[in-house]
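Open the model in your viewer and keep the selection tool at hand. The stops below can be taken in order.

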Amino acid sequence: MPELPEVEVTRRGIAPHVEGRTVTGVILRHTGLRWPFPDNLDALLRGRVIRAAGRRGKYLLLAFDHGTLIVHLGMSGHLRILPADTPPQKHDHVDVLLGEAAMRLTDPRRFGAVLWHAQEEGAVDGHLLLRSLGVEPLEAVFSGETLYRQTRKRSAPIKQVLLAGNVVVGVGNIYASESLFEAGIAPTTPAGRISRARYERLAAAIRRVLAAAIERGGSTLRDFVGADGQSGYFQQDYFVYDRAGQPCRVCGAEIRQLRQGQRSTFHCPNCQK
Ligand SMILES: [Zn+2]
């Protein structure tokens, strides 16, 4: 599943090809993904200029003067820029035409979303899907203090508080496990019991882990352009994620796996307390 770094790399990949461009049409090859597509999307966007390609959490936000097109990649979706006359494959559900180019959304499992938020409904941050999102981990407002203040009354394990996304957004399963390892915090620790100093370490770890993933993804940017491009959900060398039974890269102890909610958590019982 694309996590925040993959979505941010997607944003950076498409931005130079869509910003300032006029939409010349929209082709829908299905009735919808997770939700039905907005009515009359072609009429709504045709002749309109994409002002900016932004992101909030894992939502891509294509800003127009009269509203925002919200795109979520779901479990398996990806966006590419390719020649508009490229024959569609089975799971190519949406083309936003930009003259001779098209921004094409491919989503085999159809858990993604394409939604419209009209300007007259107010700022897009107020959209039902966006309004309760936590702070952006890569923005200056995010700090250990943010985590500390917002978790004083939380008895839930820190891993689950991170995944919930209402304190800090976009720290999914992989990056939560990796950040907690780097900060030396056991994933089962009640969020309300973690000190300010340890949250400072965790916030720094979250920033570093996400930034490193985005940087690694930067090498795949050219793959967002071209008919055969596979936008990269890049593999990387993890410290704990998906390494159950293998030795910790720091101390050599065996990496353990446990279930929290419906998700697997990986941790080093020696490095994380
Ligand atoms: Zn270890």
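This is a predicted model: local features need pLDDT of at least 70, side-chain atom pairs count only at pLDDT 80 or more; totals for chains, interfaces and linings use all residues.

**Stop 1: the domains**

**Stop 2: the largest pocket**

Select Met1, Lys58, His72, Leu163 and Gly172, which lie nearest the centre of the largest pocket among its 30 lining residues. The space in this pocket is about 670 Å³. Which elements give two or more residues to its lining? They are α4 (158–164) and α5 (173–183). The largest share, three residues, comes from α4. Each of domain 1 and domain 2 supplies at least three residues to the lining. Sorted by class, the lining has 16 nonpolar, ten polar and four charged residues.

**Stop 3: the zinc ion**

Now select the zinc ion with Cys248, Cys251, Cys268 and Cys271, whose SG atoms coordinate the metal at 2.2 to 2.4 Å. Why is the arrangement tetrahedral? The angles between the four donor atoms run from 100 to 113 degrees, and the tetrahedral class requires all angles to lie between 85 and 135 degrees.

Along the sequence, the donor residues follow the spacing C-x2-C-x16-C-x2-C. Cys251 sits in the loop between α6 (196–218) and β9 (256–260), and Cys268 in the segment after β10 (263–267), so this pair ties together parts 17 residues apart in sequence.

Finally, show the surface: is Cys268 buried or exposed? Cys268 has 0% relative accessibility and therefore counts as buried, while Cys251, at 34%, counts as partly exposed.

Notes:
Residues are numbered from 1 along each chain as its sequence is written. Side-chain values use heavy atoms; hydrogens and water are left out. Donors are N, O and S atoms within 2.8 Å of the metal (3.2 Å for Na, K and Ca); water is not among the atoms, so sites may look incomplete. Four donors count as tetrahedral if all angles lie between 85 and 135 degrees; four count as square planar and six as octahedral if opposite donors are over 155 degrees apart and all others between 65 and 115; anything else is irregular. Helices (H or I, at least four residues) and strands (E, at least two) are DSSP runs, numbered from the N terminus. Buried means under 20% relative accessible area, exposed over 50%, partly exposed in between (1.4 Å probe, protein chains only). On a 1 Å grid over the protein atoms alone, a cavity is a set of points where a 1.4 Å probe fits but cannot get out, and a pocket is an open set with protein on both sides within 12 Å along at least five of seven lines; lining residues have an atom within 4 Å of a point. Grid points are joined across faces, edges and corners, and a volume is the space filled by probe spheres set on the points. Ala, Val, Leu, Ile, Met, Phe, Trp, Tyr, Cys and Pro count as nonpolar, Asp, Glu, Lys and Arg as charged, and the others, Gly among them, as polar. Domain bounds come from an automatic or database domain assignment.
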